[in-house]
Amino acid sequence: MTHPRLLIIGLDCAEPSLVFDRWRADLPALNRLMTEGVYGKLESCIPAITVPAWSCMMSGRDPGELGVYGFRNRVDRSYGRMAVADSRAIRFPRLWDILGESGWRVAVIGVPGAYPPSAVNGALVSCFLAPSTEVTYTFPPALAERLAVWAAQATPGRAYLLDVPNFRSDDKERIVRDIYAMCDQRFAVAAALIEEEHPDFLMLVDMGIDRIHHALWKHMDPQHPLFVPDSPFADAIHAYYRHVDAQIAALLTHCGPETAVLVASDHGARPLMGGVRINQWLIAQGDLTLRTMPDAPTNLDQADVDWSRTRAWSAGGYYGRIFLNVRGREPQGVIPPAEYERVRADLAARLEAMPGPDGHPLGNRVFVPQRLYRAVRGVAPDLIVYFGDLAWRAVGTVGGEGIFTQENDTGPDDANHAQHGLFIWRDPQRSGGGRRLDNAQIYDILPTLLRRFNMPVPAGLRGTMLEL
């Protein structure tokens, strides 16, 4: 039997306009998959964030059902406690669990949301959520020894990279070196697992595209507000896409003619126009009160908040999360429960009308979790905000001057996420003829794949089965 039957190559943050249009002729492997198959934009979840997007894709459930609203989530109703959402937060089976229970041997490499590693019918290598390779980051644990050998063969002298260390820094040459090393290791591990373990299903996610977008977008894009003319990194993102394409071509040589191939990204990318200091805006609006204002930008959890006079506060990130201080719900809540919906609607209207630096509306999109999701588990934000429809990020600091900034509170960052990623599906049993299909959602992937391989589709999935 041909192995694998199904290969999924995840390209975190791959931008459809670059792959489908601008650089398609420079990406022969992806171009061939598109020409022979079906491809198109893939609408992400809201928020369009790596964590939870890959788990949404692989489980067919939305962030509310998963109870995962971003990289970090409130643990309880206290004001400061937030924790990283790792694999223990995902209570629904993902594709590799479903296939494994049906007898498929699986291999999973670097899929976000896969740490700590869970037992699978095959092999699993954790993602960037693992703190280091000193912890147990593979299943079975002994796989780590073989992984170290494969990584050293692919990148002599380098240990296995779970992620690019400190990818938000000014050391761009080192970041690029690490991105390439991480990519080469990940594809080498995938090839080795195919040859040695003969999995029926293999999935890997390359994080390099995401990291290089965030590190270097302003070096290639004249529309970026901080564009760097004549930069030595002007071609770096283009070159990396070409490198990934070559790695995909090489990996496909380890697969048989009957292998079905899906290439997908969890979201796209766009230039980052700047940051909205959302907590500073809430202070100006009278919703957030500090006893003393810091002289310089300071994280909110280090500021002296007067919770008895605060109605709302926010967590920063690529999108904004607004939390309301509700009486009987938060420790020092002030909003009467009977006033909750009115206060939330008023704040949402003000956020939607927020003017940008030029005085014109910024174009914010505001979402109510209870209307956005099919269920709301865990401690959800009261509002989710896309500033400028993701052209701007949320900056959570207080103190200093102004609502708008070009300074990022987590380090240098050139790109924000875009709502649409991409998919490319090449099925040897059915020629797609290069057809483009642009109405797909991230939730559609799981039921579509299960139907393709004649598996029962679990009840209650959010997505629909695509006609591929």
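Visitor: Which residue in β6 does A107 stand opposite?
Guide: A107 stands opposite A123 in β6. Keep in mind that this is a predicted model.

Visitor: What makes β5 and β6 count as paired?
Guide: Two strands pair if there are at least two bridges between them. β5 and β6 (residues 122–125) have 4 bridges, in the parallel sense. So they meet the cut-off of at least two.

Visitor: How do you know that β5 pairs with β8?
Guide: The same test applies: at least two bridges. β5 and β8 (residues 201–206) pair over 4 bridges, again in the parallel sense.

Visitor: Which way do the residues of β5 point, and are they buried or exposed?
Guide: V106 and V108 point one way from β5 (residues 106–109). A107 and I109 point the other way. All are buried, so each has under 20% relative accessible area.

Visitor: Why are β14 and β16 said to stand at the edges?
Guide: The open sheet has the order β14-β15-β17-β16, with antiparallel pairing. β14 (312–315) and β16 (365–367) each have a single partner strand, so one side of each is left without a neighbour in the sheet. Neighbouring strands here are turned by 25° against each other on average, direction ignored.

Visitor: What makes β14 and β15 a pair?
Guide: There are 4 bridges between β14 and β15 (residues 320–324), and the strands run antiparallel. In β15, F323 is the bridge partner of W313.

Visitor: Which helix packs on this sheet?
Guide: Helix α10 (residues 278–285) does, touching β14 and β15. Its direction makes about 170° with that of β14.

Methods:
Residues numbered from 1 in each chain as written. Predicted model: local features only at pLDDT ≥ 70, side-chain atom pairs only at ≥ 80, totals over all residues. Heavy atoms only, no water. Axes fitted to C-alpha atoms, helices over the stretch in contact; angles between N-to-C directions. Contact = heavy atoms within 4.5 Å. Buried < 20%, exposed > 50% of the residue type's maximum accessible area, 1.4 Å probe, protein only.
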